[in-house]
Amino acid sequence: MRPAIEVADIFRSHLSEYEQAHPLSLVQRKAAHAILNCRTAALGGHIRVCETCGLEEISYNSCRNRNCPKCLWSAKERWMDARMAELLPVTCFHVVFTLPEGLNALMMSNQERLYPLLFRAAWETLRQLALDEKWLGAEPGMIGVLHTWGQQLAFHPHLHCIVPGGGLHPKSGEWIHSRKGFFIPVRVLSSVFRGKFLHQLGLMRQRGDLQYHGHAAALADDKAFRQWKTSLYRTDWVVYAKRPFGGPEQVIQYLGRYTHRIAISNQRLTAFQNSRVTFAYKDYKADNAQKEMTLDAREFIRRYLMHVLPQGFQKIRYYGILSTRNRNIKLQALQKTLDFKPPKPDTWEEKLTAALGRPPGSCPCCGAEAPPMSIVANIPPTIPSRRFPDLCPKPRAPPQNQPLPALKLNNP
């Protein structure tokens, strides 16, 4: 069932006004216009007819942009299917690396450089400590997923990591199981992570790789940068490990919640009136209490677009025994050694049936499955490809009480 309020509705009403005061970057503009036109007549679609009851249904095409709240389900399901073949019958942990708030301004000015540094520092920290026989003495693995937002849409860069409970011995290649709890104390992780990140940050400063915009402008001064960096060394960085998952399949299900998520879903929007947006959020400081926040529509748009990642940036990355080059060799060998066969994922038809609440292709009116609803006409897109459309309102759904457009039938 479609939500009563969508992010696209807010963009459609106030994006033009927002752009006049806040010019968008190229990647933000692409994301905004993809969201505006997703599943509207602008992208074209098709008309299907039920041969049993005669119901006519118009389906508009999706934009498939990773920042669109309506286009993530299928991508998540495909990703989960691919990961099913890589499961290991071991305990897996959820580890989160969080950057302190004092880094936010510089992170915003250097997203293309500092987001990769976050991944690198987290993996090098985990690998260095895991190879130490004091903690594990084995080569670990990690899947890292970047998130840049908090529940209130504020800028909050952090890394969600899935770490198997064990690793490969660097010499014998034998699998070494970790202890029941997470095998590295989070205090040790936090200290090493902080040191690695700030050390590399200092080297980037020396090479002149950093930019200083907005609130980060003061850091262009050498003395101010040194004082700021010293304060970060004295700050406790937050790294924590959640309790282990129940089993291999639950690992994939849990991962799917983090891999293909955007700043806010349409389901969290509760009201949009008088140019103000109200949405639900979870207050972690108040024992996960459910609360609501209201923002001016332009501020909502600003916060939403703040989390659009740089063009082509890989927000999901794989390391160690879970890296791409090890999947077809070490992982398959490990599965044989551990006498484990990954479960087969549900078929695509089963997934669609569960998502729609009815078999795909069946009629939403009479429920007829045979013969299924058939496509009788295509709707051409109204905007040229590879170009930005105008910011004009687009229909979210087929026009009501109006005749269907005259279109050429497909082999009637």
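Are phenylalanine 225 and tryptophan 228 buried or exposed? Phenylalanine 225 is buried, as is tryptophan 228; buried denotes under 20% relative accessible area, with a 1.4 Å probe and protein chains only.

## Basis of the report

This is a predicted model, in which local features need pLDDT of at least 70 and side-chain atom pairs count only at pLDDT 80 or more, while totals for chains, interfaces and linings use all residues. Residues are numbered from 1 along each chain as its sequence is written, and side-chain values use heavy atoms, with hydrogens and water left out.

## Aromatic pairs

The whole structure contains 14 aromatic pairs, that is, rings of Phe, Tyr and Trp (its six-membered ring) with centres within 6.5 Å. The ring centres of phenylalanine 225 and tryptophan 228 are 5.3 Å apart and the planes lie at 50°, so this pair is tilted (stacked is under 30 degrees, edge-to-face over 60, tilted the rest). The two residues are three apart in helix H7 (residues 222–233), and are therefore separated by about one helical turn; a helix here is a DSSP run of H or I of at least four residues, numbered from the N terminus.

Elsewhere, ring pairs join Phe11, Phe279, Phe300 and Tyr304 in a cluster.

## Charges over rings

Phenylalanine 225 also has the charged end of arginine 205 over its ring, 4.4 Å from the centre. Likewise, the charged end of arginine 317 sits over the ring of phenylalanine 119, 4.7 Å from its centre. The criterion is NZ of Lys or CZ of Arg within 6 Å of the ring centre and within 35 degrees of the ring normal.

Key. Buried < 20%, exposed > 50% of the residue type's maximum accessible area, 1.4 Å probe, protein only.
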